[in-house]
Amino acid sequence: MDGHNGIALYGLSDDDDRRLFQSLKHPALISRILSIKNNDPWAIFPEAKHMHVQALNDLEERAWTRLGQILGDASHVDKLSILRCPTVNVAKILRCPTVNVAKLCVGLRSNQSIKNLTLTGIDLGDEELISLGPFLIHNPSLSLLDLSKCNLTSTDALGLLSAALLQRSEDNLEHLSLRGNHVSDLDLEILAPVLKRNVSKMKHLNLGQNQIGSRGCVSLVTLLGSQECNLFSLSLRANSIDDKAVAMLIDSLAKNTKLMTLNLGNNDGITTEGWLAMLKLVCDTSCIKGILDSNHYLCDVGMFGTRDVELLHRALGIDDGNLLCASLEANAAYEKTMSVRRKILWSHARGNLNIGDSFIVPGVMPRILA
């Protein structure tokens with residue numbers, strides 16, 4: 001029974017459910033909900049396994065509860081995405097609707113099939129996070145959790161989220177996004193045990209558009225410096241990253257052969273000192289050994305736009321700025337040996353080192369450059 005009005009929600013007919021969800025004003029979505037409810041054969045195909053709701057129209061509390069019940073009983077839905085306001089323009093024009101996560105999670109907590117959960121632009125206070133907790137704890141399939149722009153600003157928000165993720169029976173979280181949630185250095189310290197526990201499984205970590213600085217990077221350095229770390233991408237775009245934070249991150253990447261993307265774009269605290277350190281990481285032109293020992297795996301630092309390239313040129317000069325970009329591109333395009341060859345040739349052509357004066361045993365250099 002639904003405590004709000006005493007009407008039973010389980011056992012509703014398809015016509016009852018259509019009326020309940022009619023405020024979605026999306027016939028195709030309503031049909032998909034009913035197909036999931038009835039375990040229709042077509043719903044087993046890949047394109048039907050993604051439940052995507054753009055919440056442009058308010059659903060009453062009973063409808064959110066009913067949606068949670070249907071999804072809780074579903075065994076073939078592997079992606080659930082709920083977006084509060086899909087675009088900035090829409091958000092300006094329409095009144096932002098209410099997404100009742102607490103009611104949704106009453107039923108959702110029993111789901112065992114959802115692998116990807118995306119909640120975007122939805123305010124998640126303590127009540128919502130507490131209601132979401134059982135789903136996070138008991139769903140062994142969950143590997144992607146995207147809570148971008150969910151206003152996780154309460155004192156206990158990150159603590160509640162971390163507590164739930166630490167109680168999971170499976171350490172299989174591969175993708176975590178907390179982009180745009182005002183995450184601070186202290187918040188990241190609270191999240192650190194979750195990152196440590198999933199260190200060998202996590203592939204993508206998005207912490208962009210937050211308030212993380214050098215203190216918060218201590219937790220990330222521990223993660224990146226671990227031999228078990230399998231992280232492919234880390235976004236710290238638009239945070240409070242400065243030269244000190246960059247130096248810490250670079251130290252942890254000296255022996256890291258997995259991280260390919262470290263997005264540092266739109267961090268005004270990074271100056272010439274920080275970008276020079278990044279150049280030395282991927283192409284140390286001080287000597288041949290320096291190039292050999294450089295990082296030949298990192299291929300993206302989030303500086304890909306015209307404005308970003310201009311910033312690098314101002315910070316490093318055109319030659320060093322181009323060398324940084326070229327070294328990253330070489331890391332992306334070639335296997336390690338070819339990347340090393342190109343960096344040696346570039347450095348020699350620039351006059352940074354003289355191949356003829358190299359300490360390398362005669363006869364080896366031709367094979368390196370071949």
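In this predicted model, the side chain of Asn111 reaches the backbone nitrogen of Ile114 at 2.8 Å. The side chains of Asn111 and Asn139 are joined by a polar contact of 3.4 Å (a pair of N or O atoms within 3.5 Å, one able to donate a hydrogen and the other to accept it; residues adjacent in sequence count only if both atoms are side-chain atoms). Asn111 is located in the loop between helix H5 (101–108) and strand S3 (116–120), and is buried at a relative accessible area of 0% (buried means under 20%, with a 1.4 Å probe and protein chains only). Residues are numbered from 1 along each chain; local features need pLDDT of at least 70, and side-chain atom pairs count only at pLDDT 80 or more, whereas totals for chains, interfaces and linings use all residues. Side-chain values use heavy atoms, without hydrogens and water.

Helix H9 (residues 214–225) packs with H10 at an angle of about 10 degrees, the axes lying 9 Å apart. H9 and H10 are therefore roughly parallel (angles under 35 degrees). The H9 side of this contact (heavy atoms within 4.5 Å) includes Cys217, Val218 and Leu224, and the H10 side includes Ala245, Met248 and Leu249. The residues of the contact of H9 with H10 comprise 9 nonpolar, 3 polar and 1 charged.

Helix H10 (residues 243–253) also packs with helix H11 (residues 272–282), at an angle of about 10 degrees and with axes 9 Å apart. H10 is thus roughly parallel to H11. Asp243, Val246, Ile250 and Leu253 of H10 meet Glu273, Gly274, Ala277, Met278 and Leu281 of H11.

Conventions:
Axes are lines fitted to C-alpha atoms, for helices over the stretch in contact, and angles run from 0 to 180 degrees between N-to-C directions. Helices (H or I, at least four residues) and strands (E, at least two) are DSSP runs, numbered from the N terminus. Angles under 35 degrees count as roughly parallel, over 145 as roughly antiparallel, 65 to 115 as roughly perpendicular and the rest as oblique. Ala, Val, Leu, Ile, Met, Phe, Trp, Tyr, Cys and Pro count as nonpolar, Asp, Glu, Lys and Arg as charged, and the others, Gly among them, as polar. Buried means under 20% relative accessible area, exposed over 50%, partly exposed in between (1.4 Å probe, protein chains only).
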